[in-house]
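Student: I'd like a close look at one part of this model and at what lies around it. Could you walk me through it slowly?

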Amino acid sequence: MSAVWKVGVVASTHAETPTGRSIQIDVPGWGGNLAGQHVDVRLTAPDGYQAVRSYSIASASPGDRLELAVDRLPDGEVSPYLVDDLLPGDELELRGPLGGWFVWRPEQTEPVQLIGGGSGIVPLMAMIRAHAASGSTARFRLLYSVRTAEDAFYSEELAALASAHFTIDWVYTRVAPAGWPSPAGRVNRQVLEASTIAAGESPSVFVCGPTGFVETVADALVALGHSAASVKTERFGGK
Amino acid sequence: MGIISRGFSGRSREHNPDLPPGQFLTTDFPVLSAGPTPRIDTAEWAFTITDESGLMHKWSWDELMALPIEDIATDIHCVTRWSKFGTSWRGVSLDTLFAGIDTKYAYTMVYSYGGYTTNVPLADLLGGKAWVAFEFDGQPLDPEHGGPARLLVPHLYFWKSAKWVRGLEMRKSDDPGFWEQNGYNIYGDPWKEQRYS
Amino acid sequence: MSHIDGNALAGPLSELFSVDMTDAVGRCVTCGDESVLAQAMVYLSGTDLVVRCSNCDDVLLTIVHSPGDLRLTLTGLAALRVAI
């Protein structure tokens, strides 16, 4: 893992939500990454001013193409540029792949519980894609918490990937879709108890999202009997 | 220096002759911190000046409020490059607090609830240059920005304006505080761009 | 201001170490807690980082970026263990 900044070229972008998009980038010499890793993106203005931010990688395929998914933060400096201004053909400086702890490898056979809040789905998406691509029969379950249905990243692909080995539970915190059996509400201990793999099955748990969400969920999981060592978290600031 | 990112300009960075070198102007008030925000009740709050003999001069919140309070309008400059013009505060001047104190030492170590420290020479606290400030923009200073009270020393980089200030100790030499031990400049004059050591 | 976690250290520390340090186990000088750096609490101050023990909150290390210079101060880490 060197500190060298690699230059990638944006191949395509795709709107995912009203405030988010996925970005496909070709990086010569990338060589792939593990599911769950992230990159640092560096932007440089004409006067030399630089801004660096970390983004989880949504893909885990070998080769030189990777995918990021970015949500525009209201007071952001880098995310508005990546979501609104970046065009195919633009160059981006990337450092990575980074991180070896919040990672799922296809050699792992234990059940896996993924819990994502908002754009916290991104590294979990890499794990879901790696799970599908490797033909792993490990049991995967996803709990995805979003404000409304239209705020979900990758909804169609997630539905298409559902299988005997991968099931999804949705939580809507602000507005639930018409006909949804439960009212909108946040993830709490009861929701986790009802909709995640039980501690007794010793799953590896990955939780990603805003700091407040991750802390609430991680504390509840431990209270439900999961060992702290089996719950891996990635917080990215905010509420 | 990296490759230029087409169309990226970052936060608005107008060039302004009233700005110290390397700074840009902001209209918001970014929150930067070295640790969790302490929550201090004014009923328990105290500010203490400890002199070289170990004598402690202590003010409770009510005692601080009974002292002459000043309105301060000033520019502030953060080492992370943002500056904010014309900020308004209310606080008690360090001149008022030092009025009854006899000291031969020339330096101070300022310390805060939560463990933060920063060093400021006594000469930079006196002569109308520093306050214990508890109101910002007409409102009680909120915890994120250092409330109930913070030190305000606007002629130095803002890391010297210790949030959640609790007191200061007289020191014989200019011992480095938290950021100064970790690579920031021992003095921190924005006009001489003294950011790092 | 809330913290993020030590996963964010991967990039900055990759400028100094050739192995991934977020997977390294650090021992806190103050409380003796041994956890992976990925789980430490990271407070961002511009481009500078203050990393605190998730158990006792004391400072493990700081990273200060100045032009051409990276300063890593390891005041609170008694030991670091890395799989190689």
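Tutor: Happy to! Let's begin at Gly225(A), a residue with a positive phi, near 110°, that follows helix H5(A). Keep in mind as we go that this is a predicted model.

Now step back into the helix itself. H5 of chain A runs over residues 211-223, which makes 13 residues.

Which residues of H5(A) are buried? They are Thr211(A), Phe213(A), Val214(A), Val217(A), Ala218(A), Ala220(A) and Leu221(A).

Let's follow it across. Where chains C and A meet, 19 residues of chain C are in contact with 19 residues of chain A. The area buried between these two chains is about 1500 Å², and carbon and sulfur atoms give 50% of it. The two chains are linked by 2 salt bridges. One salt bridge joins the side chains of Asp5(C) and Arg235(A), with 3.4 Å from N to O. On the side of chain C that touches chain A, the elements giving two or more residues are strand S1 (4-5) and helix H1 (10-14) of chain C. H1(C) provides the largest share of that side, 4 residues. Sorted by type, the residues on this side of chain C are 7 nonpolar, 8 polar and 4 charged. Across this interface there are also 8 residue pairs in polar contact.

Chain C has another neighbour to look at, chain B. Here 17 residues of chain B are in contact with 17 residues of chain C. Together chains B and C bury about 1500 Å², with 54% of it on carbon and sulfur atoms. How many salt bridges are there between chain B and chain C? The count is 0. Polar contacts do occur, with 6 residue pairs found across this interface. The side of chain B that touches chain C has 8 nonpolar, 8 polar and 1 charged residues.

Methods: Residues are numbered from 1 along each chain as its sequence is written. Chains are lettered from A and ligands numbered from 1 in the order in which they are written. This is a predicted model: local features need pLDDT of at least 70, side-chain atom pairs count only at pLDDT 80 or more; totals for chains, interfaces and linings use all residues. Side-chain values use heavy atoms; hydrogens and water are left out. Contact means heavy atoms within 4.5 Å. Buried area is the accessible area (1.4 Å probe) that two parts lose on being put together, summed over both. A salt bridge is a side-chain nitrogen of Lys or Arg within 4 Å of a carboxyl oxygen of Asp or Glu. A polar contact is a pair of N or O atoms within 3.5 Å; within protein, one must be able to donate a hydrogen and the other to accept it, and residues adjacent in sequence count only if both atoms are side-chain atoms. Ala, Val, Leu, Ile, Met, Phe, Trp, Tyr, Cys and Pro count as nonpolar, Asp, Glu, Lys and Arg as charged, and the others, Gly among them, as polar. The expected span of a helix is 1.5 Å times one less than its number of residues. Buried means under 20% relative accessible area, exposed over 50%, partly exposed in between (1.4 Å probe, protein chains only).
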